[in-house]
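Good morning, and thank you for making time for this item. I would ask you to keep the sequence and the coordinates open while I speak.

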Amino acid sequence: MKRAIYPGSFDPVTYGHLDVIRRAASVFDELIVSILNNKEKKPLFSLEERVKILERATADLPNVKVDSFSGLLIDYAASQDIHVAIRGLRAITDFEYELQIAQTNRVLSKEDLDTMFFTTSLEYSYLSSSSVKEIASFGGDISKCVPDFVADMVYDKFGIVRDTASSGRITNE
Ligand code: PNS
């Protein structure tokens, strides 16, 4: 059985992540989307919230499981007996960072963990969780960036309500 891990912060998951998840899930028998529990970062969504969001967003993909991990990815991958990590590449700017992580993981794991890259679909190549949070914090429209239920949760965090009656305009509470 071919299995892979898609690690990330997913704070929150975007359509770009979901595009990679869908495509990786069609290549592997099982894909574990695993959220890094990074105690040094202060995420917008708690780990528990991010797990729930990802479970809901991937509910239609039976071979996708959601999990979380702390510490090194190579240790988590070994504990799951998985030898492939998935990452998305949006643009050349991602490449240097991703190449460094992939090579570090390959060396650290003594060639036990390889990384496979999916190039993000063009329509999502501009998307990032950080920009989604920034846009939402100013009441901007994130409907093309994340699923509707995620957008509601993001706006909620910033105390912003969507006025759906007037074509999705955003108003401050
Ligand atoms: O979504 P992100 O924040 O770009 O994901 C980064 C992630 C989680 C893939 C990366 O930070 C990671 O794997 N962290 C775990 C710690 C680790 O293994 N570090 C060694 C590689 S440099």
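Across the interface of domain 1 and domain 2, the rule finds two salt bridges. Please bear in mind that this is a predicted model. Counting residue pairs in polar contact between domain 1 and domain 2, with both residues at pLDDT 80 or more, gives four.

Which elements supply the side of domain 1 that touches domain 2? Helices α1 and α2, the latter spanning 47-57, each supply at least two residues of that side. Helix α2 gives the most, with four residues. Sorted by class, the side of domain 1 that touches domain 2 has nine nonpolar, two polar and four charged residues.

Let me now turn to the domains themselves. The domain assignment of the chain gives domain 1 as 3-126 and domain 2 as 128-173. Their contact takes 15 residues from domain 1 and 17 residues from domain 2. The C-alpha centres of domain 1 and domain 2 lie 24 Å apart.

The size of an interface is often given as the accessible area lost when the parts come together. Here, the area buried between domain 1 and domain 2 is about 1,400 Å², and carbon and sulfur atoms give 67% of that area. On the side of domain 1, the residues that lose the most area to domain 2 are Y15, L44 and Y126, which together account for 36% of what that side buries.

Is T14 buried or exposed? T14 counts as buried, because its relative accessible area is 2%, under the 20% limit. Leaving out residues up to four places away in sequence, T14 touches L127, S128, S129, V132, C145 and V146. A polar atom of the T14 side chain also lies 3.1 Å from the backbone nitrogen of G16.

D11 has its place in the loop between β1 and α1 too. With a relative accessible area of 6%, D11 is buried. Beyond residues up to four places away in sequence, D11 touches P43, L44, F45, R50, S129 and K133. The peptide bond from D11 to P12 is cis, with omega near 0°, and P12 belongs to the loop between β1 and α1.

Two further backbone details deserve attention. D81, in the loop between α3 and β4 (84-89), has a positive phi of about 55° although it is not a glycine. K110, in the loop between α4 (92-108) and β5 (114-119), has a phi near 55°, again a positive value in a residue other than glycine. How accessible is D81? Its relative accessibility is 53%, so D81 counts as exposed. K110 likewise counts as exposed, at 73% relative accessibility.

Finally, I would point to A77 in helix α3, residues 73-79. A77 is buried, with a relative accessible area of 1%. Apart from its neighbours within four places in sequence, A77 is in contact with I5, I82 and L113. The C-alpha atoms of A77 and K133 are separated by 29 Å, with the two residues 56 apart along the chain.

Notes:
Residues are numbered from 1 along each chain as its sequence is written. This is a predicted model: local features need pLDDT of at least 70, side-chain atom pairs count only at pLDDT 80 or more; totals for chains, interfaces and linings use all residues. Side-chain values use heavy atoms; hydrogens and water are left out. Buried means under 20% relative accessible area, exposed over 50%, partly exposed in between (1.4 Å probe, protein chains only). Contact means heavy atoms within 4.5 Å. A polar contact is a pair of N or O atoms within 3.5 Å; within protein, one must be able to donate a hydrogen and the other to accept it, and residues adjacent in sequence count only if both atoms are side-chain atoms. Domain bounds come from an automatic or database domain assignment. Buried area is the accessible area (1.4 Å probe) that two parts lose on being put together, summed over both. A salt bridge is a side-chain nitrogen of Lys or Arg within 4 Å of a carboxyl oxygen of Asp or Glu. Ala, Val, Leu, Ile, Met, Phe, Trp, Tyr, Cys and Pro count as nonpolar, Asp, Glu, Lys and Arg as charged, and the others, Gly among them, as polar.
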